[in-house]
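Hi,

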Amino acid sequence: MKNNINNIIKYLKGSNDDFIVTSHISPDGDNIGSTLAMYYALNKLGKNVSYVLDDNTPQNLKFLVEDIKILKSEEVNLNNYSIIALDCGDKNRICLSQELLNNAKKIICIDHHASNDYYGDFNYIDIDASSTCELVYNLLMEYEKSESKNIIDEDIATCLYTGLVTDTGNFVYSNTHPSSFEMAKDLLLKGAKKDTIIQKIFQSNPYNYYKLLGEALNTLDIVDGKIASIMITKEMLKRNVISFNDVDGITSYTRDIEGVEVGILLKEKKENEVKVSLRSKNYVDVSKIAQSFNGGGHIRAAGCTIYSSVEDAKKKIVEAVVKALQGEKYE
Ligand code: 5GP
Ligand code: MN
């Protein structure tokens, strides 16, 4: 079913279902922020809600989930439930078991990825939105209006502000709109813990992160002055005692170089499995490139997994980016 925020509100109000809130694999700030905000909101509305995600929370986002239990799929024992998938552009990326997914009464999808194909029974998708947190904010504001009661408290505001700042790169990326600032203002007035968010997420990198970063920057490679890539192997992660999910911030180093249009981070997950992150600055649609490798994302930030060695994955993705650059108009 196509977009309809009111149908989602109606369903939430009318149903006796239990709810599972979840998101995509490799969690980031918008993933956890939007899921947790929805979890708190549904709890407040008297629903029985479980937060399920079969992946690990990055170190710098742990402060958000200290007080709650994120369940793994095998810990869930529900019969009559619907799933709310947040910030997940692809049904295959929803990070819980196939069994839980198959037995859900309804799937409600709230998302802002350009590659989303409206896989939910109910969808609220806006690819221009800064973040899924902005969509959850809109939905909760509508809900508040319809019931004349306040839902967004300090905790929910903190979650939503987290997704907003992480997905806009601190209000820098092109998905930052006037509505993003309006929402930020309102969330701050509602008690979002801005300073804690900034310190925990952007100013608490462990020493090991910098050792890894040094090694990673040594692999920096620039092709035609326009494509930059960095490789992180599993040996590098092991040597520097840092987790796979804790190095995503390194992606921006590839894009932030003068003249570079497309930045690529290649992270080796296991042998012959490489997670690729793509970023563009001005004109290349990296979501399309990611989709050609069965991935997806946004025009300026996307990702995919390539099943080969890191060197081979690099060759393949650089080749695709070169082609995309040749096909683009230079304005
Ligand atoms: P990142 O590079 O930070 O992992 O992801 C950038 C954006 O692309 C995020 O919005 C993320 O959800 C999306 N993305 C990353 N990897 C994949 C993938 O394999 N498939 C899809 N559909 N989206 C992805
Ligand atoms: Mn997002």
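Let me begin with one residue: Asp153 has a relative accessibility of 26%, so it counts as partly exposed. Please keep in mind that this is a predicted model.

**Salt bridges**

Which residue does Asp153 form a salt bridge with? The partner is Lys44, and the closest N and O atoms of the two are 3.1 Å apart. Lys44 sits in helix H2, whereas Asp153 belongs to the loop between H4 and helix H5 (154-167), so this pair ties together parts that are 109 residues apart in sequence. Lys44 is also partly exposed, because its relative accessibility is 43%, and partly exposed residues are those between the 20% limit for buried and the 50% limit for exposed.

A second salt bridge joins the side chains of Lys193 and Asp155, at 3.9 Å from N to O. This pair, too, links distant parts of the chain: Lys193 is in the loop between helix H6 (178-189) and helix H7 (194-202), Asp155 is in helix H5, and 38 residues separate them. With relative accessibilities of 35% for Lys193 and 37% for Asp155, each counts as partly exposed.

Lys234 and Glu235 also meet through their side chains in a salt bridge, at 3.4 Å from N to O. Lys234 has a relative accessible area of 30% and is partly exposed; Glu235 falls in that class as well, at 41%. Then there is a network of salt bridges that links Lys13, Glu147 and Lys149. How many salt bridges does a search of the whole structure find? The count is 17.

Now for the fold. The model contains an open sheet of 5 strands, paired in parallel and ordered S2-S1-S3-S4-S5. At its edges are strand S2 (49-51) and strand S5 (122-125), each of which pairs on one side only. On average, neighbouring strands of this sheet are turned by 15 degrees against each other, direction ignored.

Two helices pack on this sheet. Helix H2 (residues 29-44) touches strand S1 (18-22), S2, strand S3 (81-86) and S4, and its direction makes about 160 degrees with that of S2. Helix H4 (residues 132-147) touches S3, S4 and S5, and its direction makes about 115 degrees with that of S4. Looking at one pair of strands, S4 (residues 107-111) and S5 pair in the parallel sense over 4 bridges. Within that pairing, Cys109 has Asn123 in S5 as its bridge partner.

**Nonpolar cores**

Which residues have the most contacts inside the largest nonpolar core? They are Leu12, Met38, Ile84, Ile110, Leu139 and Leu160, in a core of 55 residues. H2 gives the most to this core, with 8 residues. Met38 shows how the parts come together: leaving aside neighbours within four places in sequence, Met38 is in contact with Leu12, Val21, Ile84, Leu86, Ile110, Val136 and Leu139. Another core lies apart from this one; its 24 residues include Ile264, Val284, Ile306 and Ile317.

Ile156 lies in helix H5. Its relative accessible area is 0%, so Ile156 is buried. Not counting residues up to four places away in sequence, Ile156 touches Ala37, Tyr40, Ala41, Leu140 and Ile151. Between the C-alpha atoms of Ile156 and Tyr11, which are 145 residues apart along the chain, the separation is 21 Å.

Is Asn77 buried or exposed? At 70% relative accessibility, Asn77 counts as exposed, and its place is the loop between S2 and S3. Asn77 and Gly259 are 182 residues apart in sequence, and their C-alpha atoms are 53 Å apart in space.

**From the record**

An unreviewed UniProt entry lists residues 19-163 as "domain: DDH". Over that stretch the chain is 32% helix and 15% strand, and the C-alpha atoms at the ends are 21 Å apart.

Happy browsing, and do write back with any questions.

Best wishes

Definitions and conventions: Residues numbered from 1 in each chain as written. Chains lettered and ligands numbered in written order. Predicted model: local features only at pLDDT ≥ 70, side-chain atom pairs only at ≥ 80, totals over all residues. Heavy atoms only, no water. Pairing = 2+ DSSP bridges. Axes fitted to C-alpha atoms, helices over the stretch in contact; angles between N-to-C directions. Contact = heavy atoms within 4.5 Å. Core = buried A, V, L, I, M, F, W, Y, C linked by side-chain atoms within 4.5 Å. Buried < 20%, exposed > 50% of the residue type's maximum accessible area, 1.4 Å probe, protein only. Salt bridge = Lys/Arg side-chain N within 4 Å of Asp/Glu carboxyl O. UniProt positions renumbered as here; feature names shortened; annotations may be inferred.
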